[in-house]
Amino acid sequence: MTNGRGKSDSPVVPGKFPNKGGATAGPSAEGMEGRGLAKGNPGGRTRFRAQNREDLQRELERVRQAAVRDRRMKFTTLWHHVYNVNRLREAYLSLKRNAAPGVDRVTWEDYGQKLEMNLQGLSERLKRGAYRAKPVKRAYIPKPDGRQRPLGVTALEDKIVQRATTEVLNAVYEIDFLGFSYGFRPGRSPHMALDALAVGMRTKKVNWVLDADIRGYFDAMDHGWLERFIEHRIGDQRVRRHIKKWLKAGVLENGERIRQEEGSPQGASISPLLANVYLHYVFDLWAQQWRERHAQGDVILVRFADDFIVGFEHRAEAERFMGELRERFAKFNLELHPEKTRLIEFGRHAAENREKRGEGKPETFNFLGFAHSCDETRRGDYIVLRQTRKDRLQAKLKEVKEWLTEHLHDPVPLVGRHLGQVVRRHTMYFGVPRNGPALTLFRKVIGWLWWRALQRRSQTASVTWDRMTRLLARHLPAARIVHPYPEQRLTVMTRGKSRMR
């Protein structure tokens, strides 16, 4: 389909593959003609990309500096940073190569066959206002509790533009976002949030913990409020108009297009940033002001996307905060989940106080895949013990068991390589201090499941445990702690500044 100026409004997908170098190469005459890029000089190509990246970063640095100088400035000229071909190329190269295609059915490889022509066309459409957002294809993935989590599979060009827009907007919002917000932010990770929480529990007088969960957060964000929040900082009408396009594009499910008046699809590249902007105004600023104005005792805050923990010194303040938070959320179309939101006694004195009342051990709470409980070191010092959640552990082991059943007769080296990757990824996330027993158990059960699968491959031959031990040593990495103690990493990352304020 073409517009009135004779230019295509859809990505060009050629019929044959380009020469070596393809999508990873820089622009050239070949790329403009629609052919793949020639192999050329790899070193020169790398330097060209590095120079482009440095230029892009310098442009955004000027935006950051302006945001720092004036916290109330409205940025009216940002869109030209988005449709910059070099930025679009970097956004494309940052996408997952094997991701499922959206409603356009265009894969990463398809688009890369005529990358420079496609990016030039996309840039022109963005520049003159001819770009059209496509609906999101609905998909579902299983949750650990057996339910289905809805995800949105975005069309490839929408992914590219959303990724580029997110990078530009981050230059503004990273100045505004508060220190206790960690989710989906550049340079921040779940383990930083976990470390900030553990250190806060030890260094502050925390006796009560609000373990909060927002019911269906990504589906509940009010579009009207979100647009008003964005207007506080973004005055560029083109940026705001395209965000509105993505929000209003709707969802395609079972061949039917469903319009959405609220929420942002999980899986869209722009959704994490929009979710952070929404909660920045609805929760972060309000909670910080509440702590400064109303709290007499210590209060700590740690938020990762829509999952947050608040620690209090006094129970009365915790109950008041929770009541006022419910009212605050109701104003902005949000709701605390009645079954998953709890106020529990937790801290260095919790075990002693509960024992005096005959109430048993302190309750635990879950945060970012870990179960948190009160514990002591060998010297009797109070610590927060973080262990792999049992339901997450069982769900992953069940997934591995099903995979082994499906690949029962695959070659042993192939199976071993896959299981090794499973154990390695598990260790890289859950390998925190004092979680060694859970890591060892996970690796042990993986090995046992593999041994059982090998035993079922033949009715006559069997695999001895001596041979199995050699296979496990060869393919499964050892269970080990890969993360430092919270105080060590937090000191390095913050250089003495609080990550909870």
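**Hairpins, sheet, helices and charges**

Author: Strands S9 and S10 make a hairpin with 2 residues between them. In the turn, Leu 368 has a positive phi of about 55°. The model is a predicted one.

Reader: How many bridges join strand S9 to strand S10, and which residue in S10 is the bridge partner of Phe 367?

Author: Strand S9 covers residues 365-367 and strand S10 covers residues 370-376. The two run antiparallel and are joined by 3 bridges. Within this pairing, the partner of Phe 367 in S10 is Phe 370.

Reader: Which residue in the turn between S10 and S11 has a positive phi?

Author: Strand S11 (residues 382-388) pairs with S10 in the antiparallel sense, over 7 bridges. One of the facing pairs is Ala 371 with Gln 387 in S11. S10 and S11 form a hairpin with 5 residues between them, and the turn residue with a positive phi, of about 90°, is Gly 380.

Reader: How many helices and strands does the chain have, and what share of the residues is buried?

Author: The secondary structure comes to 19 helices and 11 strands. The chain has 501 residues, and the share that counts as buried is 47%.

Reader: What percentage of the contacts with a separation of 6 or more comes from residues 24 or more positions apart?

Author: The count takes contacts in the chain between residues with a separation of 6 or more. Within that set, residues 24 or more positions apart account for 71%.

Reader: Which strands are at the edges of the open sheet of 4 strands?

Author: The order in this open sheet is S2-S1-S4-S5, and the pairing is mixed. An edge strand here pairs on one side only, which is the case for strand S2 (148-153) and strand S5 (256-258). On average, neighbouring strands of the sheet are turned by 45° against each other, direction ignored. The edge strands are thus S2 and S5.

Reader: At what angle do the axes of H12 and H13 cross, and how many nonpolar residues are in their contact?

Author: Helix H12 (residues 271-294) and H13 have axes that come within 11 Å and cross at roughly 145°. The crossing is right-handed. H12 contributes residues including Trp 286 and Trp 290 to the contact, while H13 contributes residues including Phe 321 and Phe 329. By class the contact has 4 charged residues, 1 polar residue and, for the class asked about, 9 nonpolar ones.

Reader: Is Asp 284 buried or exposed?

Author: Asp 284 is located in helix H12. Leaving aside neighbours within four places in sequence, Asp 284 is in contact with Leu 178, Phe 180, Ser 181, Leu 279 and Arg 303. The relative accessible area of Asp 284 is 0%, and the cut-off for this class is under 20%, so Asp 284 is buried.

Reader: Which residue forms a salt bridge with Glu 324, and how far apart are the closest N and O atoms?

Author: Side chains of opposite charge can pair when their charged atoms come close. Glu 324 is partly exposed at 25% relative accessible area, and Arg 320 is partly exposed at 40%. The partner is Arg 320, with the closest N and O atoms 2.8 Å apart.

Reader: Where do Arg 64 and Glu 61 lie, and what is the N to O distance in their salt bridge?

Author: Both residues are in helix H2 (residues 42-69), 3 residues apart, which is about one turn of the helix. Arg 64 has a relative accessible area of 25% and is partly exposed; Glu 61 is also partly exposed, at 34%. Their side chains meet in a salt bridge with an N to O distance of 3.2 Å.

Reader: Which residues are linked with Arg 357 in a network of salt bridges?

Author: Arg 357 forms a salt bridge with Glu 359, and the closest N and O atoms are 3.0 Å apart. Arg 357 is partly exposed, with a relative accessible area of 44%, and Glu 359 is partly exposed at 40%. The network links Arg 357 with Glu 345, Arg 354 and Glu 359.

Reader: How many salt bridges are there by this rule?

Author: The rule asks for a side-chain nitrogen of Lys or Arg within 4 Å of a carboxyl oxygen of Asp or Glu. By this rule the number of salt bridges is 27.

Methods
Residues are numbered from 1 along each chain as its sequence is written. This is a predicted model: local features need pLDDT of at least 70, side-chain atom pairs count only at pLDDT 80 or more; totals for chains, interfaces and linings use all residues. Side-chain values use heavy atoms; hydrogens and water are left out. Buried means under 20% relative accessible area, exposed over 50%, partly exposed in between (1.4 Å probe, protein chains only). Two strands pair if DSSP finds at least two bridges between them. Axes are lines fitted to C-alpha atoms, for helices over the stretch in contact, and angles run from 0 to 180 degrees between N-to-C directions. A crossing is left-handed if the near helix is turned anticlockwise from the far one by less than a right angle, and right-handed if clockwise. Contact means heavy atoms within 4.5 Å. Ala, Val, Leu, Ile, Met, Phe, Trp, Tyr, Cys and Pro count as nonpolar, Asp, Glu, Lys and Arg as charged, and the others, Gly among them, as polar.
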